[in-house]
Amino acid sequence: MEESSRRNSSRKGEKDPYCVIHKLPSGDTPYVRAKHAQLVEKDPEVAIVLFWKAINAGDRVDSALKDMAVVMKQLDRTEEAIEAIKSFRSLCSKQAQESLDNVLIDLYKKCGRIDEQIDLLKQKLRLIYQGEAFNGKPTKTARSHGKKFQVSIKQETSRILGNLGWAYMQKSKYMAAEVVYKKAQMIDPDPNKACNLALCLIKQARNIEAHSILSEVLEGKIPGSEDWKAQNRAQELMLYIEPRWLPPPTKEKKTTTGFDLEDDFIDGLEKLLKEWTPIRTKRLPIFEEISSYRNKIAC
């Protein structure tokens, strides 16, 4: 009865209270019914069936595929969600591909397909180097918890590098993780990546360097480090370091163990930086702020 009333209200052109409260699209299409099942009825299984119907009917395919994958992830059907995106993303618009990549990265992370996650993150970084991300624009509109906000290409680059660093750490490739975390911090520093960088250094038994980074978080020198979660995490890592404190070594010898950034990946970035001129407006000068780490790395 309630469902019938909702549909009649929609047909009369009246504002549906469910649509207002839950920010649902109006109408009576498969996609609209899928969103209602997902957000109002809280029935993810029915929502998935209706999202499939929407995709097959060509009804808001961009949103239907992405939303269905998110619901599948919530039900621990990550492998199925991955195959759905791979199989049907060709039906989606060019503008939807970037958000589908982001969903795919989260799915790879959840089901432990780290190598594929790393490959996709690198692919997204290459698009940024080439000026093809955000459709060539310096910012894009993102949505979180129903609110829209602007994300700059610098913020997106730092976010992707942070995710890449974490993926490398899951593979115990701490030297590669260190490199990308440092680059991320140079572009858009935040305390979470600072703590991850410190943890990466701890894993390499470089406690003095880790101590220095954690001190910056605890002293509020990094933007956002006043957040209690950041403070707590920095304190936990500091407590881990202190019992293992060692005097400064006379000469630190770096190892290449765990380094997994390909030469062509680093060379591609360096060549782009060397080729940069004001005339080449397609590429965005994000990485002018990044100094090369190759003189610190024995490849």
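A salt bridge is here a side-chain nitrogen of Lys or Arg within 4 Å of a carboxyl oxygen of Asp or Glu, and the close-up views below are drawn from a predicted model.

**View 1. A network of salt bridges joins E79, K86, R113 and E116.** These four residues, E79, K86, R113 and E116, are linked to one another in a network of salt bridges, and the structure as a whole holds 17 salt bridges. Side chains of opposite charge can pair when their charged atoms come close.

**View 2. Within that network, R113 forms a salt bridge with E79**. The closest N and O atoms of R113 and E79 are 2.5 Å apart. This pair links distant parts of the chain, with R113 lying in the loop between α7 (97-110) and α8 (114-129) and E79 in helix α6 (residues 78-88), 34 residues apart. R113 has a relative accessible area of 18% and is therefore buried, since the cut-off for that class is under 20%, whereas E79, at 40% relative accessibility, counts as partly exposed.

**View 3. D28 and R33 meet in a salt bridge**. The closest N and O atoms of D28 and R33 are 3.6 Å apart, a separation that lies within the 4 Å limit. D28 counts as partly exposed at 32% relative accessibility, and R33, with a relative accessible area of 24%, is likewise partly exposed.

**View 4. D190 pairs with K193 through their side chains**. The salt bridge between D190 and K193 has an N to O distance of 2.2 Å. K193 is buried, its relative accessible area being 7%.

**View 5. Helix α11 packs against helix α12**. Helix α11 (residues 191-203) and helix α12 (residues 207-218) pack at an angle of about 165 degrees, and their axes are 8 Å apart. Because angles over 145 degrees count as roughly antiparallel, α11 is roughly antiparallel to α12. The crossing of the two helices, α11 and α12, is left-handed.

**View 6. The contact between α11 and α12 is shown residue by residue**. On the side of α11 the contact is made by P191, A194, C195, L197, A198, L201 and I202, and on the side of α12 by N207, E209, A210, I213, L214 and V217. By class, the residues of this contact of α11 with α12 divide into eleven nonpolar, one polar and one charged.

Definitions and conventions:
Residues numbered from 1 in each chain as written. Predicted model: local features only at pLDDT ≥ 70, side-chain atom pairs only at ≥ 80, totals over all residues. Heavy atoms only, no water. Axes fitted to C-alpha atoms, helices over the stretch in contact; angles between N-to-C directions. Helix = DSSP H or I, 4+ residues; strand = E, 2+ residues; numbered from the N terminus. Parallel < 35°, antiparallel > 145°, perpendicular 65-115°, else oblique. Left-handed = near helix turned anticlockwise from the far one by under 90°. Contact = heavy atoms within 4.5 Å. Nonpolar A, V, L, I, M, F, W, Y, C, P; charged D, E, K, R; others polar. Buried < 20%, exposed > 50% of the residue type's maximum accessible area, 1.4 Å probe, protein only.
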